[in-house]
Amino acid sequence: MFMSISTTGIADSPATDLGFLLHKHPDRVQRFSTAHGEAHVFYPEAGDEACTAVLLLDVDPIALVHKGRGKGRAGSPDFALAQYVNDRPYAASSLLAVALRTVFRTAMKGVCEARPGLADRPRPLRISLPAVPVGGGEGGGQGGGVALAVRLFEPLGWRVEASAVPLDEKFPEWGESRYVRLELSAELARPADALQQLYVLLPALDGAKHYWVAPDEVDKLLAAGEGWLAGHPERALITRRYLSRRWSLTRRAMERLELARLAEADDREADEVDNAIDDSTIDDATADDNAERPERPEQPEQAEERPPSLAEQRRTAILAALREVGAARVADLGCGQGELIGALLADPAFTEVLGVDVSVRALSAAARRLRLDRMPERKASRVRLVQGALTYTDARLKGFDAAVLCEVIEHLDLPRLPALEYAVFGAARPPAVVVTTPNSGYNVRWESLPAGHLRHADHRFEWDRAEFRDWAGRVAAAYGYTVDIRPVGPEDAEVGAPTQLALFRLGDGAGTGTTGTTGTTTTTPEGGETR
């Protein structure tokens with residue numbers, strides 16, 4: 001198994017600097033032990049103008065069999081000697097990827113203590129792989145290996161020269177094999193990036209691994225793919241093939257990649273994007289759902305019933321608005337842990353419910369809270385949970401009768417709000433939109449809330465009634481909607497209700513007004529944020 005990396009000299013950096021970048025001296029032949037054989041690194045040429053490093057992996061077929069996955073190409077023998085006679089010693093598969101990580105571990109981190117700053121400086125690179133196996137399906141197999149190699153490497157800036165290896169050059173009528181000669185070149189690239197990409201894409205091309213794919217492979221994939229995989233147009237195919245088509249691991253990796261992509265687009269850290277709820281909230285919610293509930297002591301018949309919380313009143317008001325407009329297909333945008341979705345599913349009038357949230361943790365909590373894995377098939381067919389950012393247009397949001405933004409807009413930075421407005425009112429454009437948000441004027445009625453503080457640590461702003469009315473009117477006018485503003489919760493004569501609701505209708509001439517009833521419940525800031 002053979003791979004070469006070549007470079008040429010550039011200003012103030014001779015080609016032999018490749019030795020510093022790979023942490024392998026050009027004047028030496030070095031040998032490294034791996035789990036399935038020995039790896040050798042040497043330099044056929046090393047000068048100021050040109051330098052080439054070669055990795056030669058000598059696979060021990062006996063050791064490969066003893067490790068348990070050396071039978072045939074992907075664990076199943078094609079004939080009696082397949083476990084000992086196969087392509088693994090010669091083709092650049094997952095064995096070479098593991099050898100890359102073993103031999104060039106420091107180089108893959110982009111570290112060069114001997115020459116500070118050298119690893120961050122891109123340079124001309126050329127990588128040669130004489131035999132790369134391409135698994136069947138999804139562009140693999142006869143004639144498809146070249147196309148798949150181009151699809152995986154070209155979006156990363158590589159110029160790809162690929163040609164299929166014939167089964168036998170003496171008998172061209174036999175056709176092509178599943179192997180591809182691969183040459184990658186780039187005018188400027190960092191060796192660390194090249195090695196990370198090869199570590200992921202070689203197994204993805206092969207579509208099989210020589211070892212069992214465990215859950216920790218997701219972490220390895222995301223670590224090696226940092227900075228490039230989330231934005232790759234073929235990230236789904238790469239992820240699926242790298243993880244040997246294990247569906248559960250692929251789904252987990254895709255969720256984390258999508259979160260990384262959304263965070264990068266907003267120039268934020270992934271933890272900042274996925275922080276609308278905290279882990280303790282999720283754990284408490286699922287514990288309440290799954291734990292055995294203790295029996296409650298008997299209450300006197302005259303005991304006063306607990307009044308509905310503000311969250312319950314908010315859901316009731318939203319459901320009433322949706323029934324008022326006759327919505328059957330509803331998108332809950334920023335669905336959180338799924339409380340509103342549960343209420344929608346409880347009413348058969350809502351035939352389809354889409355829950356969208358940027359937070360992977362929230363979606364996982366929603367799935368557990370709703371017990372999707374145990375839900376009857378007919379009911380489960382009415383609901384779908386997807387990850388997405390509401391500040392980007394999304395074709396999945398089109399075609400619904402109504403969209404709900406329940407306690408969502410206040411979690412966005414104000415400069416991002418116009419993007420949400422366009423994505424929902426301009427692009428998705430449902431016939432009705434229901435928006436709820438806190439009324440900041442009511443905050444003075446909560447003694448436990450310090451003056452000037454917002455109700456939730458993740459709120460970026462909170463509007464009073466006039467500010468919300470102005471925003472709703474502007475959005476309605478801009479996108480051809482009419483809007484009705486309504487109070488939710490106990491209404492105070494001076495400061496209004498704790499929550500305000502806007503029901504937008506697409507050009508039905510309903511006008512703008514304020515309706516609703518005054519509640520009698522006392523609420524707390526904590527109750528005000530629960531969906």
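## Basis of the description

Helices (H or I, at least four residues) and strands (E, at least two) are DSSP runs, numbered from the N terminus. The model is predicted, and local features therefore need pLDDT of at least 70, side-chain atom pairs count only at pLDDT 80 or more, and totals for chains, interfaces and linings use all residues. Residues are numbered from 1 along each chain as its sequence is written, and side-chain values use heavy atoms, with hydrogens and water left out.

## Overall composition

The protein contains 17 helices and 14 strands. Of its 531 residues, 49% count as buried, where buried means under 20% relative accessible area, exposed over 50%, and partly exposed in between (1.4 Å probe, protein chains only). Contact means heavy atoms within 4.5 Å. Among the contacts with a separation of 6 or more, 72% are made by residues 24 or more positions apart.

## The seven-stranded sheet

An open sheet is formed by 7 strands in the order S2-S3-S4-S1-S5-S7-S6, with antiparallel pairing; two strands pair if DSSP finds at least two bridges between them. Strand S2 (30-34) and strand S6 (159-166) stand at the edges with a single partner strand each, so one side of each has no neighbour in the sheet. On average, neighbouring strands are turned by 15 degrees against each other, direction ignored. Axes are lines fitted to C-alpha atoms, for helices over the stretch in contact, and angles run from 0 to 180 degrees between N-to-C directions.

Strand S4 (residues 50-59) has 7 of its 10 residues buried, so it is largely enclosed by the rest of the structure. S4 is joined by 7 bridges to strand S1 (residues 2-8), the two running antiparallel, and Thr7 stands opposite Cys51 in S4. Another 8 bridges join S4 to strand S3 (residues 37-46), again antiparallel; here His40 has Leu56 of S4 as its bridge partner. A hairpin of 3 residues connects S3 to S4. S1 also pairs with strand S5 (residues 123-133) in the antiparallel sense over 3 bridges, with Ile5 opposite Ile127 in S5. Helix H6 packs on this sheet, touching S1, S5 and strand S7 (176-189), and its direction makes about 20 degrees with that of S5.

## Helices H6 and H7

The axes of helix H6 (residues 191-206) and helix H7 (residues 216-224) come within 9 Å and cross at roughly 140 degrees. Gln196, Tyr199 and Val200 of H6 make the contact with Lys220, Leu221 and Ala224 of H7. These residues divide into 4 nonpolar, 1 polar and 1 charged; Ala, Val, Leu, Ile, Met, Phe, Trp, Tyr, Cys and Pro count as nonpolar, Asp, Glu, Lys and Arg as charged, and the others, Gly among them, as polar.

## Helix H12

The 15 residues of helix H12 (residues 310-324) should span 21 Å at 1.5 Å a residue, and the end C-alpha atoms are 21 Å apart, which agrees; the expected span is 1.5 Å times one less than the number of residues. The buried residues of H12 include Leu310, Arg314, Arg315, Ile318 and Leu322. The buried residues pack against several elements, among them strand S8 (329-333), helix H13 (339-345) and strand S14 (499-506). H12 is followed by Gly326, whose phi is positive, near 70 degrees.

## Arg151 in helix H5

Arg151 lies in helix H5 (residues 145-153) and is partly exposed, with a relative accessible area of 32%. Arg151 and Glu234 are 83 residues apart in sequence and 7.4 Å apart in space, C-alpha to C-alpha.
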